[in-house]
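Q: I'm new to this one, could you walk me through it?
A: Gladly, here it is.
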Amino acid sequence: MEVAVANKKSVKAEPMSEKKKNRITDAVVFIFLSFGAIFMVAPLLWMFSTSIKTREDVFALPPVWIPDTISFAKYSEIWSMGPLLSGISNSLIVAVSVTVIGTFTSSLAAFAFSKLHFNGKNKIFMMLFASVMIPYPVLMIPQFIMFSSVGWVDTLLPLIIPGFFGNIFMIFFLRQFLTSIPNSIIEAAKIDGCSYFQIFYKIIFPLIKPAVAAQLILWFMGIWNDYLGPILYLNSPEKQTLQLVIANFNASYAIQSDYPLIMAASVVALLPMLIVFIVFQKQIIESIAISGVKG
Amino acid sequence: MKTTSKLYRTEQRYAYLFIAAPVIGFLIFAMVPLIYSIYGAFTNWDGLGSMDFIGLENFINVFKDEYFYKSMFNTIYMMLGIPIGIVLALLLALALNRGIPGTNTFRVLYYIPVISSIAAISILWQWAYNGDYGLVNQFLAIFGVEGPNWLQNTSTVKPALIIMAVWKGLGYTMLLYLAALQSVPKSFYEAAKLDGANAFKSFWHITLPMVKPVTFFIIVTNIIGGAQIFTEINVMTPTGGPEYSSASVVFYIWQKAFGNFQLGYASAMALVLGLFIFIITLIQFKINEKNSFELD
């Protein structure tokens with residue numbers, strides 16, 4: 001009897017102290033996270049801050065974060081100092097064409113791999129998936145020779161055409177996603193006389209649209225930010241993608257220490273994906289979290 | 001019976017049609033180049049005309065090449081950032097998993113470097129590492145520390161690249177851990193508490209084993225990615241750094257192949273790198289298999 005009472009007392013008293021303790025821990029954690037967040041964002045803010053500085057402020061000691069004279073002049077100057085505009089349009093051409101067509105071929109293949117019956121299904125899938133184990137440096141030299149033999153060097157084609165054939169990560173992810181869709185839907189559609197392609201675009205595609213969208217965004221970002229592919233194939237300035245253009249800005253204007261100009265161009269290269277991320281952050285974060293757990 | 005098999009055959013025909021693009025792409029852009037690359041590694045391929053079989057000569061030269069060893073050493077050295085990133089990311093994920101206000105904002109802020117273009121980030125950090133006016137040294141100056149000229153110094157160029165890589169990758173690893181932590185059933189912790197386990201004990205005996213699959217995934221993908229580091233080095237140290245002290249293997253392969261047109265030799269190095277990655281990954285899978293456990 002006594003023991004029970006004592007227990008009751010301690011149970012009653014504990015939540016109070018624990019709650020308090022938790023609140024203190026939460027406050028400490030919050031401060032710790034805030035400091036971390038400053039470290040994560042400060043370099044990017046500094047990049048922007050440099051881009052709106054005059055030359056004197058860039059080399060001011062101690063550093064100024066908000067310059068006295070805020071000048072956006074570099075943001076108009078960059079367009080004439082290098083092929084920035086064609087860089088943006090080249091990057092867009094590559095990223096849009098690859099993701100639109102590549103997403104179509106990938107989701108069609110994912111549908112076949114998860115819902116249709118055919119001989120060697122798993123073997124073919126494993127074979128395709130094994131290709132992710134081949135590092136790109138092993139393939140880049142022969143690929144370059146292949147593309148140069150058809151005269152595609154210094155065009156966007158070597159960056160575009162391989163993407164049309166789909167992306168194995170996307171196929172893998174969508175195939176996983178499709179397992180949650182019951183096979184009976186497909187059987188019912190077959191009985192109703194739908195062709196296989198109709199089943200895909202009338203039933204399957206609308207169902208997997210959210211997953212497709214998230215994957216498409218991630219792929220788009222990957223292409224937009226790609227550097228090694230473009231540096232291999234694109235030589236003439238007006239053919240280069242945005243990432244190469246800003247790297248060349250860096251190489252040619254650092255000697256004159258025109259850091260505001262370089263940083264302005266870099267901000268322009270970074271901003272589109274930042275906006276895409278902020279708009280679609282929920283879908284992007286979810287899709288990455290899922291791929292990690294499943295992977 | 002006959003109609004079923006006919007139906008089945010139609011389905012099969014469509015299925016093959018639907019997977020045709022990735023399969024053809026795989027053959028043209030992965031299989032053919034792979035075979036080409038293996039063959040090329042045994043020749044004196046220079047991209048112009050000659051492609052004569054020379055046996056193992058390239059491979060023998062690779063293992064005699066001090067620049068290859070140097071770039072390999074640099075590449076492995078720079079992977080030191082992987083464990084640092086993992087520990088920091090797990091701590092961050094634990095902090096974010098408490099459900100304190102602002103969690104979503106923190107998640108987005110920590111993730112911004114991940115989505116940022118690596119070229120722009122490299123340009124930014126090159127400027128941040130500037131010896132006289134860079135952000136890093138100005139920050140150190142607050143504590144009275146006089147920072148070096150990071151990228152011009154053989155002893156600091158690799159740590160500089162590591163710090164940048166940890167900063168850039170932290171958000172991604174954190175996000176994977178956060179998802180893993182959220183999938184751990186709360187009842188596990190409650191049970192442990194009833195058994196008298198303290199916070200550290202339940203972290204050690206519940207959290208760590210439960211996030212182990214994610215840790216494994218992170219280590220494997222980070223090593224595969226880390227072995228192929230290129231862009232940062234190409235942008236920040238275009239010549240491979242002072243005394244070639246920041247050149248990675250891929251950087252060296254790229255120079256040999258597209259600067260000197262020693263395609264055969266570069267292919268041999270790429271194959272050695274590929275094999276290296278493959279063996280490391282295999283070892284990790286073996287270790288993981290040995291230590292894995294099944295949950296009922």
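A: What follows goes from the overall fold of this predicted model to one pair of helices.

Q: Okay, how many helices and strands are there in chain A?
A: Chain A has 13 helices and zero strands, so that reading along the sequence gives the pattern α-α-α-α-α-α-α-α-α-α-α-α-α.

Q: And is it a compact globule or more spread out?
A: Chain A is more spread out than a compact globule, because its radius of gyration is 27 Å, well over the 19 Å that the globule rule gives for 295 residues. Along the principal axes, the C-alpha trace spans about 85 × 65 × 35 Å.

Q: What share of the residues is buried?
A: Of the 295 residues in chain A, 37% count as buried.

Q: Switching topic, how do H4(A) and H10(A) cross?
A: Helix H4 (residues 84–115) of chain A and helix H10 (residues 196–225) of chain A have axes that come within 9 Å and cross at roughly 140 degrees. That angle makes H4(A) oblique to H10(A), and the crossing is right-handed.

Q: Which residues meet there?
A: On the H4(A) side they include Val94(A), Val98(A), Leu108(A) and Phe111(A), while those in H10(A) include Phe200(A), Ile208(A), Trp219(A) and Trp224(A). By class, this contact of H4(A) with H10(A) has 15 nonpolar, four polar and no charged residues.

Conventions:
Residues numbered from 1 in each chain as written. Chains lettered and ligands numbered in written order. Predicted model: local features only at pLDDT ≥ 70, side-chain atom pairs only at ≥ 80, totals over all residues. Helix = DSSP H or I, 4+ residues; strand = E, 2+ residues; numbered from the N terminus. Rg over C-alpha atoms; globule rule 2.2 N^0.38 Å. Buried ≥ 20, exposed ≤ 12 C-beta atoms within 10 Å, placed from the backbone. Axes fitted to C-alpha atoms, helices over the stretch in contact; angles between N-to-C directions. Parallel < 35°, antiparallel > 145°, perpendicular 65-115°, else oblique. Left-handed = near helix turned anticlockwise from the far one by under 90°. Contact = placed C-beta atoms within 7 Å. Nonpolar A, V, L, I, M, F, W, Y, C, P; charged D, E, K, R; others polar.
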